[in-house]
Structures are given as structure tokens and as C-alpha cells.
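Please look at the sequence and the structure together as I present them.

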Amino acid sequence: MGTSPITLRAILSFLFAFVQLTYALKFDLVATSGGGNNERCIRNFVSKDQLVVVTATVGGTKGDGQRVNIHIKDAMGNDHGRPKDVVGETRQLFTSPADTAFDVCFENQLVGHNSIVNPSRSIELDVDIGADARDWNSIQSQEKLKPVETDLRRIEEMVADIVTEMEYLRAREQRLRDTNESTNERVKWFAFGTMGMLVGLGAWQVVYLRAYFRSKHLI
């Protein structure tokens with residue numbers, strides 16, 4: 001007895017919820033004045049050659065005395081976008097040049113002379129990474145795929161991203177373990193060397209004091 005389309009779609013929806021590599025974050029960003037650095041940054045990790053789509057929805061209107069700037073950068077010093085005076089939805093996409101962390105930073109500046117009590121802007125941030133960042137509607141129309149085939153293709157690529165991430169974590173754990181073992185080995189030999197030096201110093205002190213007392217005819 002075959003699986004009905006409704007049941008299959010329910011299973012695929014559950015798998016999406018299980019393996020989805022995206023998150024949404026909502027917060028209020030208080031406006032500040034002055035030239036200091038008042039950025040609020042959200043950090044995430046991305047593997048090499050993965051597509052990243054950053055979608056930010058900023059509340060408010062232009063001319064309300066606030067200006068929200070966005071800065072997307074990674075830990076290697078690369079800039080991936082600097083939208084200025086953002087209102088409404090803006091989208092930035094980039095492909096990671098290496099395994100690295102990246103930051104999405106928001107800054108809300110007070111401008112003009114509007115008297116606003118507790119000025120702030122609402123921010124909604126969505127970050128899509130890997131397979132989830134691809135335009136599956138376009139892929140479905142270009143390759144003439146059925147909805148179920150598109151869902152299966154998407155799950156396959158998302159699982160592949162997870163496998164790649166697990167392989168990276170395994171390799172990183174192995175490097176850390178090798179470093180730990182090498183450090184333990186060096187500490188062990190350093191401890192042995194220190195003990196040997198202390199024993200040698202003690203023996204030398206005994207010989208020296210014995211010779212000294214003999215030269216003074218004390219023993």
C-alpha cells in the first residue's frame with residue numbers, strides 16, 4: 001500500500017524542521033548618539049563555499065530621526081555588505097571564502113533634532129545557510145520538478161551540508177586531540193627534566209657542603 005501525497009508531505013515537513021539550517025531573530029535596537037561604536041552583532045559559523053543569505057527587516061520610517069546601518073563581515077576581515085540607512089527589508093548574499101565565523105552587525109544612530117522618547121527600531125533577522133539559502137522555486141521551474149521531488153532534492157542537499165559540517169567538526173576535534181596529546185607529552189618531559197634538575201641540584205649541594213665542612217675540618 002503506497003504512501004499518500006499528504007502523508008509524504010507531512011514527513012517532508014518534519015524533516016525540514018529537523019535539518020533546517022536557518023534561524024530568525026527579533027529584537028529592538030535602541031538609538032544612540034555620538035561617534036562611539038555601539039554595534040550589536042549576531043555571530044554564526046559557515047563552512048567554505050557555502051551560500052549565505054542575510055535578510056533583515058527594519059521597522060520605522062525614514063525621517064524619524066534614526067538611521068540603521070548594517071555591516072556584514074567575517075573573522076578573516078572580509079566585508080560582505082554595508083547597507084546604510086535601512087528601512088524595510090534588505091537582503092545580502094555572499095559565498096563564504098573559508099571555514100569561518102561571520103557577524104551581522106546593526107547600528108542605530110540618532111540624527112536630526114527630533115525629540116523622541118526612548119528611540120528604537122525593531123529588527124527581524126533571518127540567516128539562511130547552504131541548501132536552505134537557494135531559490136528552490138526557481139530550481140523547480142527551471143528543472144521542471146514536481147513539488148515532492150523539489151522537497152526531496154532540498155532535503156538531500158541539506159543533509160549533505162550537515163554531513164560536511166560533521167566532517168569538519170570531526171577533523172577539528174582530531175586536530176585538537178593531537179594538540180592536546182602533544183602538549184601533554186611536552187609537559188611530561190618538562191616535569192621529568194625539572195625533577196632531574198632538582199635531584200642534580202640536591203646532589204651537588206650535598207657534595208659541596210660535604211667538601212666545605214671537610215675543608216673546615218668540621219667532619
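I shall speak about a disulfide, then a loop residue, and finally an annotated region.

This is a predicted model, in which local features need pLDDT of at least 70, side-chain atom pairs count only at pLDDT 80 or more, and totals for chains, interfaces and linings use all residues. Residues are numbered from 1 along each chain as its sequence is written, and side-chain values use heavy atoms, leaving out hydrogens and water.

The structure has 1 disulfide, a term for a pair of cysteine sulfur atoms within 2.5 Å. Cys41 and Cys105 form this link, with an S to S distance of 2.0 Å. Cys41 belongs to strand β2 (residues 40-46) and Cys105 to strand β7 (residues 100-110), so the bond ties together parts 64 residues apart in sequence. Strands (E, at least two residues) and helices (H or I, at least four) are DSSP runs, numbered from the N terminus. The torsion about the S-S bond is about 105°, so the disulfide is right-handed.

Cys41 is partly exposed at 38% relative accessible area, whereas Cys105 is buried at 1%. Buried means under 20%, exposed over 50%, and partly exposed in between, using a 1.4 Å probe and protein chains only.

Ala131 sits in the loop between β8 (120-129) and α2 (136-143), and is buried at 3% relative accessible area. Beyond neighbours within four places in sequence, Ala131 contacts residues including Trp136 and Glu157; contact means heavy atoms within 4.5 Å.

Lastly, an unreviewed UniProt entry annotates residues 189-209 as "transmembrane region"; such annotations may be inferred rather than shown by experiment. In the model, residues 189-209 are 100% helix.
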